[in-house]
Amino acid sequence: MNLYEYMGKSIFKQYGLPVPESYLVEKESDVKSFTRPVVVKSQILLGGRGKSGGIKFAKSEKELTQGVKELLGSKIRGLTVTKVLVEEMLNIGKEYYVSIALNRTDRAPVLIATSAGGVEIESVPEDKIFKRTIDPLLGYSDFIGREATQFMGLSPEIGKQFRGILKGLYEIFVKEDCELVEINPLVETKEGRLMAADSKVIMDSDSMFRHPDIDITDPEKTPLELEAQGRGYSFVELQGNIGVIANGAGLTMATLDGLTLHNGKPRNFLDLGGTDSVDIVVNAFEMVMKADPKAILVNIFGGVTKCDTVANGIVAAKERLSIQKPIVVRLSGVHEDEGRRILSDNGIESYPGMMQAIESVVKKVGGN
Ligand code: GDP
Ligand code: MN
């Protein structure tokens, strides 16, 4: 779960990290009167907003209202801006980079810092980057910070502020279940203060129940995907025309691969999961039908999910939702014969093999 800059900064603030003063604007009337130069920043989940025109600098009331007007509702690299952050402008002296990320290989957090910040970390030469794995049992200690400070060549005063930030960042990383906390740029102002000018925070999606205050409406999801999430399905919309229902993430992925191999274009990913309920099958059909596919492919390997239950679900869905579109089913596994008998009694095409079903459904939508 990727957080917006303003959400990340509000967490930074809670943990005592220095962030510029700011307020959030969702409509033009939220803009407060101008008192000093500000930066107007699009709240979208993309890096490089600066370069893409998503950040405006305002040195007057007029530039502020103009900047907000221009950004709100605009599209930046395909994403619509619905919120902007109006933030006190910093007098930038230097830009640093610092992050703590989960390193899955080491199963430990890794601290990365460089005095060549402000640009993407990937573009910084290796020998300018300080990198240290933090033992999760020992946690962050000041000696790690002192090493980093020395490596980066920070002055004693800035170094002291920097170590305070590291300590806070590590605390956030652990307590807020993060996969990444990043400040780029971490600004040293001309007045000699460190400030988090940007924030990037990724929280472990499986921990969201521990963070009820965070709005989990993932803006990267389509309305249909959000609805499916609410109903408990993993569902992803794609651009094709063949609706897909399968069980298990692996089999669902294999189904999409199989379709693609035969020049079929999947309309969605839907993993039914392990279930033995007719209604769950019917609801899955309801989701897929909302995506308006030309045909539907069901691919079930029966285990916990029994083939006859799925077959009854398909028959019920066809009836209740009055589905006219072609349905092609692959059924194999537990209660397979019974399942296929139910389908053939109801005039629904089914196969024991996945590729046969795939070839048939692709023909039906007019592919190869
Ligand atoms: P990103 O491009 O999406 O990563 O957005 P950032 O928040 O990192 O901003 C991009 C760049 O804008 C920064 O690297 C700074 O150079 C500049 N910037 C951001 N905030 C300020 C500010 O308060 N004052 C000044 N002068 N520049 C800023
Ligand atoms: Mn940035």
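Reader: Which strand holds Pro185?
Author: Pro185 sits in strand E11, which covers residues 178–189. Keep in mind that this model is predicted.

Reader: What makes the peptide bond from Asn184 to Pro185 cis?
Author: Look at omega. For the bond from Asn184 to Pro185 the angle is near 5°, and the bond is cis.

Reader: How do you know whether Cys178 is buried or exposed?
Author: Compare its area with the cut-off. Cys178 has a relative accessible area of 7%. Buried means under 20%, so Cys178 is buried.

Reader: And Cys307, buried or exposed?
Author: Cys307 has a relative accessible area of 0%. The limit for buried is under 20%, so Cys307 is buried.

Reader: How many disulfides does the search find?
Author: Zero, across the whole structure. To count, a pair of cysteine sulfur atoms must be within 2.5 Å.

Reader: Why is Arg163 called buried?
Author: Its relative accessibility is 19%. Buried means under 20%, therefore Arg163 counts as buried. Arg163 belongs to helix H4, residues 156–175.

Reader: What is Arg163 in contact with, leaving aside neighbours within four places in sequence?
Author: Arg163 then contacts Tyr140, Asp142, Gly145, Arg146 and Thr149. Contact here means heavy atoms within 4.5 Å.

Reader: Why does Asp292 count as exposed?
Author: Asp292 has 56% relative accessibility. Exposed means over 50%, so the label exposed applies to Asp292. Asp292 lies in the loop between helix H7 (278–290) and strand E17 (295–302). Its phi is near 50°, a positive value in a residue other than glycine.

Reader: What makes His335 partly exposed?
Author: The relative accessible area of His335 is 42%. Buried ends at 20% and exposed starts over 50%, with partly exposed in between. His335 is therefore partly exposed. His335 is in the loop between strand E18 (327–333) and helix H9 (336–345). Its phi is positive too, about 60°, although His335 is not a glycine.

Reader: Now the whole chain. How many helices and strands are there?
Author: The protein chain has ten helices and 19 strands.

Reader: Why is the chain called more spread out than a compact globule?
Author: The radius of gyration is 26 Å. For 368 residues the globule rule gives 21 Å. The chain's value is well over that, so the chain is more spread out than a compact globule. Its C-alpha atoms fill a box of roughly 80 × 50 × 35 Å along the principal axes.

Note on methods
Residues numbered from 1 in each chain as written. Chains lettered and ligands numbered in written order. Predicted model: local features only at pLDDT ≥ 70, side-chain atom pairs only at ≥ 80, totals over all residues. Heavy atoms only, no water. Helix = DSSP H or I, 4+ residues; strand = E, 2+ residues; numbered from the N terminus. Rg over C-alpha atoms; globule rule 2.2 N^0.38 Å. Buried < 20%, exposed > 50% of the residue type's maximum accessible area, 1.4 Å probe, protein only.
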